[in-house]
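Work through the two exercises below with the sequence and the model at hand.

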Amino acid sequence: MAETFSFEVLATDGKARRGLVSMPRGEIRTPAFMPVGTGGTVKAMYMDQVRGVGADIILGNTYHLMLRPGAERVARLGGLHEFARWPYPILTDSGGFQVMSLSKLRKLTEQGVTFRSHIDGAPYEMSPERSIEIQGLLDSDIQMQLDECTALPAKPKEIERAMELSLRWAERCKAAFGDQPGKAMFGIVQGGDSAALRVCSAQALKAMDLKGYAVGGLAVGEPQPVMLEMLDITCPELPADKPRYLMGVGTPDDILKSVARGIDMFDCVMPTRAGRHGLAYTRRGKVNLRNARHADDPRPLDEESDCPAARDYSRAYLHHLVRSQEALGAMLLTWNNLSYYQRLMQDIRAAVEAQAFDARAAEITEGWARGDIPAL
């Protein structure tokens, strides 16, 4: 295991990159998809399964873990890795997005945010320093700066104010994080849908010489072309020798198009949330197991998959589980979805290494467009 945090670009194909993050708790093969473990659990999955589908790293949420069970309690119990039985790298977000989106009663100042819990209304304060302190108590390996994420569309002055505040908070987070060779703190590029503000934010964060850089404030209501335009503008402004993380994204198509623009890391609740609601991601596109067409279908979701959930269970059985609201339905479809996402990332990494990314991306996209197998 590496003693320090490092990132190496191993291959490129156009702007797509194949890299490796090395840190004391393990290596992260990039492009990487991080399953979301909001409250110390990847919903409907055992941690052994999460590792088994190919995940090198998971994401934990500072806001939710701070509220329940509490960061200090997790620290007393050995940190999040020990608490959740995940000995590999963990990235924690700063909690900023949830403070803004979930807390109806909040007050934002230069110092930080005061808000009330969406669970019981209890008052809390979140400053840049407190966010880093909580992430340290959780003992996460990659920690995110506290930022203000504005939903789109928004007025230009509001986007600029939030971006500038996020930069000042990034400086404070960097100071609070200090020197931790085996860990990393990432800055977050903000700027909404403004090209000029995105460039300004990226250049200011680059000057801070952080260990990694995220692109935030996308996938918050804007259409995909706007997101991709912002990536076209932002990625060239970020250091080529540091990892780039697109926060909260996204669909398999979002991932393919973002890798093509130089993104290395992704997270999204989509595969786990979809699994809990009867939707499967496959090489033939999305399959809704709630639909009656599957009720008498003995065929599996995908006979070529190496995931037992997709290969060994009939569509009729999965349909029954979903319609009956059986817990096993959510478990099997989440297993399938995370397996599909990790196989997609493995496919992308191999294609970049083989200098065949564009051709493979086209094949994958064509498979989605052809759609699911005909009904019986």
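The model is predicted, so local features need pLDDT of at least 70 and side-chain atom pairs count only at pLDDT 80 or more, while totals for chains, interfaces and linings use all residues. Residues are numbered from 1 along each chain as its sequence is written, and side-chain values use heavy atoms, without hydrogens and water.

**Exercise 1.** State the strand order of the open sheet and identify its edges.

*Solution.* Strands are DSSP runs (E, at least two residues) and helices are runs of H or I with at least four, numbered from the N terminus. Two strands pair if DSSP finds at least two bridges between them.
- The open sheet has 3 strands, ordered E1-E2-E3 with antiparallel pairing.
- Strand E1 (6-13) and strand E3 (26-30) each have a single partner strand, so they are the edges.
- Strand E2 (residues 16-23) is joined to E3 by 5 bridges.
- Ser-22 lies opposite Glu-27 in E3.

**Exercise 2.** Locate Gly-96 and Gln-190, and decide whether each is buried or exposed.

*Solution.* Buried means under 20% relative accessible area, exposed over 50%, partly exposed in between (1.4 Å probe, protein chains only). Contact means heavy atoms within 4.5 Å.
- Gly-96 belongs to helix H5 (residues 96-102); its relative accessibility is 2%, so Gly-96 is buried.
- Beyond four places in sequence, Gly-96 contacts Leu-146 and Asp-147.
- Gln-190 sits in the loop between strand E11 (184-189) and helix H8 (195-207); at 3%, Gln-190 is buried.
- Leaving out residues up to four places away in sequence, the contacts of Gln-190 include Asp-147, Met-163 and Gly-217.
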